[in-house]
Amino acid sequence: MSDEQANQIRKGRHLETVSLIYNLLEVGVSLAAGFATGSSALISWGIDSIVESNSAAFMIWRLHGEEKGISQRNVLKRKKVALSVLSGAFAIAVLFILYESISKIVSGETSSVSWWGIGILMVSLIVNPMLAWGKYRFGKKTGSPSLKYDAIDTMICEYQTIVVLLGIGLVHWQGWWWADPVAALLIVPYVAWEAFHAGRDAWNVRLEDATEGNDASA
């Protein structure tokens, strides 16, 4: 690995660290606001942010290994572990979101407004595209599909943010109480797909295919 490539991987790792810190902020604010106001959409968005935090943490772990020049087998091993954990986390998130949303639809419970929740959603509309652009840029420079894939995930989070904002808006400005849990349910297909996708990729990682040397492009 050249010094320039190692430097770009280091920058990518630093960006993932920023992503982790911001996702943890999303988790704290959205869950606190969601439980305080009874908003299924905010709670579900916060649960997804927990999964995104796990993704960032494992990307940091993996990129740190590549930066230190670990063997291709160890890179693949870290990839398999990361994908397996993410698959399980996404699956748990799907079950929780379904339970939370369906319970609110059955009970007819209406959420109250949370300006803290709306605030963190509005900030995310600006921050997520910036993080996605940085991840894709360093993924392209280092030849790392994982970073570019993470950039796509971050932009999908932008879609989720818009959906949740619309749900909260329809509840409080149109009086459509059901819009909040429905907005949460709209997140489920993406999370379920990610659970399947991560699990499939983890299954397809074959440690016996590893060759000697580094694998900066894994």
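The second largest cavity holds about 40 Å³ of space. Please keep in mind that this model is predicted. A search of the whole structure turns up two cavities of 30 Å³ or more, and the largest cavity has about 80 Å³ of space.

**The second largest cavity**
- Its lining is made of E26, W45, D48, S49, N128, C157, Q160 and T161.
- The elements that give two or more residues to this lining are α2 and α5.
- Sorted by class, the lining of the second largest cavity has two nonpolar, four polar and two charged residues.

**The largest cavity**
- Around the largest cavity sit E16, S19, N23, E26, E52, A56, N128, L131, K135, D150, T154 and C157.
- Two or more lining residues come from each of α1 (3-37), α2 (40-67), α4 (115-142) and α5 (145-174).
- The most is given by α1, with four residues.
- In this lining, three residues are nonpolar, four are polar and five are charged.

**A patch on the surface**
- On the outside, I105, Y159, W176, W178, V182 and L186 form a nonpolar patch.
- Together, the residues of this patch have about 530 Å² of accessible area.
- One of them, I105, lies in helix α3, which covers residues 72-107.

Conventions. Residues numbered from 1 in each chain as written. Predicted model: local features only at pLDDT ≥ 70, side-chain atom pairs only at ≥ 80, totals over all residues. Heavy atoms only, no water. Patch = residues over 30% accessible without salt bridge, like charges linked within 9 Å, V, L, I, M, F, W, Y side chains within 5 Å. Areas by Shrake-Rupley, 256 points an atom, 1.4 Å probe, with all protein chains shown as cover. Salt bridge = Lys/Arg side-chain N within 4 Å of Asp/Glu carboxyl O. 1 Å grid on protein atoms, 1.4 Å probe; cavity = no way out; pocket = protein on both sides within 12 Å on 5 of 7 lines; lining within 4 Å. Points joined across faces, edges and corners; volume = space filled by probe spheres on them. Nonpolar A, V, L, I, M, F, W, Y, C, P; charged D, E, K, R; others polar.
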